[in-house]
Amino acid sequence: MVGSALRRGSHAYVYLMSKAGHISRGHQHQAWGSRPAAVQCVALRAPGSVVELLGKSYPQDDHSNLTQKVLARVGRNLHNQQHHPLWLIKERVKDHFYRQYVGRSGTPLFSVHDNLSPVVTTWQNFDSLLIPAEHPSRKKGDNYYLNRTHMLRAHTSAHQWDLLHAGLDAFLVVGDVYRRDQIDSQHYPVFHQLEAVRLFSKHELFAGIEDGESLQLFEQSSRSTHKQETHTMEAMKLVEFDLKQTLTRLMKHLFGDGKYSNTG
């Protein structure tokens, strides 16, 4: 069943991004700005040098641009430090997904992955997400590269391919992410993301829909502003509706429904 879901699934993404004390939606394939990072220290890229990071060695080359200041922040895992504000938010999100989405056996539908290494390959960060080789989001000015093949993840989506191919069809990924950026009141080179991914099989998506058995997940058509060329309009609309419902429920869980009673 999992294999079928992987072959015939559709993705629904939820991003919670904590950046410089703010929480906002993240976008997966946008260019991440071209402003140079305001980090006043020398990049670690001396010829023949090696960077030791999280117990592994990474040889430096002409693509290396990781700074000592950013390097010192790798491995802090603020989102896993008990009672830290990021930990509190993460736990509330986990609690919501555990309670709201339950599998057939009564166990949580979503698994949680909050201790994955922030060091990923460039293939994981870009190619696995079908980001073209010439896409501006790959620029050295926007990312922290250990070398030409390894980097600090620019988004938690860098782990999607591995988790999906491990057989998971519903999961949360939480972690620190790194993008070269100018430091100001709303920007910092290190911030945090929490994203949710869910795959739907044909049965799951169309269950309860009139004549659902006749509907299909995929088709061969043309890409439009409303959908990709491989998905049917019915599948797109249902996934879109589910995503909106998921976000609405989560926001109400985190911040309340906005209704206040008057007390004398």
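**Burial and overall make-up**

I started with burial: of the 264 residues in the chain, 43% are buried. For me buried means under 20% relative accessible area, exposed means over 50%, and partly exposed is in between (1.4 Å probe, protein chains only). This is a predicted model, so local features need pLDDT of at least 70 and side-chain atom pairs count only at pLDDT 80 or more, while totals for chains, interfaces and linings use all residues. Residues are numbered from 1 along each chain as its sequence is written, and side-chain values use heavy atoms, with hydrogens and water left out.

I looked up the secondary structure next and got seven helices and nine strands. Those are DSSP runs numbered from the N terminus: helices are H or I with at least four residues, strands are E with at least two.

The chain exposes about 14,500 Å², with carbon and sulfur atoms supplying 53% of that. The areas come from the Shrake-Rupley method with a 1.4 Å probe, and for residues only the protein chains shown count as cover.

Then contacts (heavy atoms within 4.5 Å). Among those with a separation of 6 or more, 67% are between residues 24 or more positions apart.

**Nonpolar cores**

Which residues touch the most other members of the largest nonpolar core? I noted L53, L66, V70, Y144, L146, L152 and Y178, out of 13 residues in that core. Strand 3 (50-53) and helix 2 (68-71) each put at least two residues into this core. Another core, of 11 residues, lies apart from it and includes V93, Y101, A170 and L254. My rule for a nonpolar core: buried Ala, Val, Leu, Ile, Met, Phe, Trp, Tyr and Cys residues joined through side-chain atoms within 4.5 Å. As background, nonpolar side chains in soluble globular proteins tend to be buried together.

L53 sits in strand 3 and counts as buried at 5% relative accessibility. Ignoring neighbours within four places in sequence, L53 is in contact with Y58, L71, V74, V119, L146 and L152. For L53 and L71, I noted a C-alpha to C-alpha distance of 8.1 Å with 18 residues of sequence separation.

**Aromatic rings**

I used this pairing rule: rings of Phe, Tyr and Trp (its six-membered ring) pair if their centres lie within 6.5 Å, with planes under 30 degrees apart called stacked, over 60 edge-to-face and the rest tilted. The count comes to four aromatic pairs.

F97 and F110 make an edge-to-face pair, 4.9 Å centre to centre with 70 degrees between the planes. F97 is in helix 3 (residues 85-100) and F110 is in the loop between helix 3 and strand 5 (111-113), so this pair ties together parts 13 residues apart in sequence. Y101 and F110 are also edge-to-face, at 5.5 Å and 70 degrees.

F110 has a relative accessible area of 6%.

I checked the length of helix 3: its 16 residues should span 22 Å at 1.5 Å a residue, and the end C-alpha atoms are 23 Å apart, which agrees. The expected span is 1.5 Å times one less than the number of residues. Buried in helix 3 are L86, W87, K90, V93, K94, H96 and F97.

Why did I write strand 9 (residues 190-199) down as largely enclosed by the rest of the structure? Because 10 of its 10 residues are buried. V190, H192, L194, A196 and R198 are on one side, with F191, Q193, E195, V197 and L199 on the other, so I have both faces down as covered.

Strand 8 (residues 170-178) runs antiparallel to strand 9, with nine bridges joining them. Two strands pair if DSSP finds at least two bridges between them. D176 stands opposite H192 in strand 9.

**Loop residues**

Most residues other than glycine have a negative phi, so I looked for exceptions. H83, not a glycine, has a positive phi of about 75 degrees. H83 lies in the loop between helix 2 and helix 3 and is exposed, at 56%. D211 also has a positive phi, near 60 degrees. D211 belongs to the loop between helix 6 (202-206) and helix 7 (233-255), and counts as exposed at 57% relative accessibility.

T232 lies in the loop between helix 6 and helix 7, but counts as buried at 5% relative accessibility. Not counting residues up to four places away in sequence, T232 touches Q216, L217, F218, E219 and K227.
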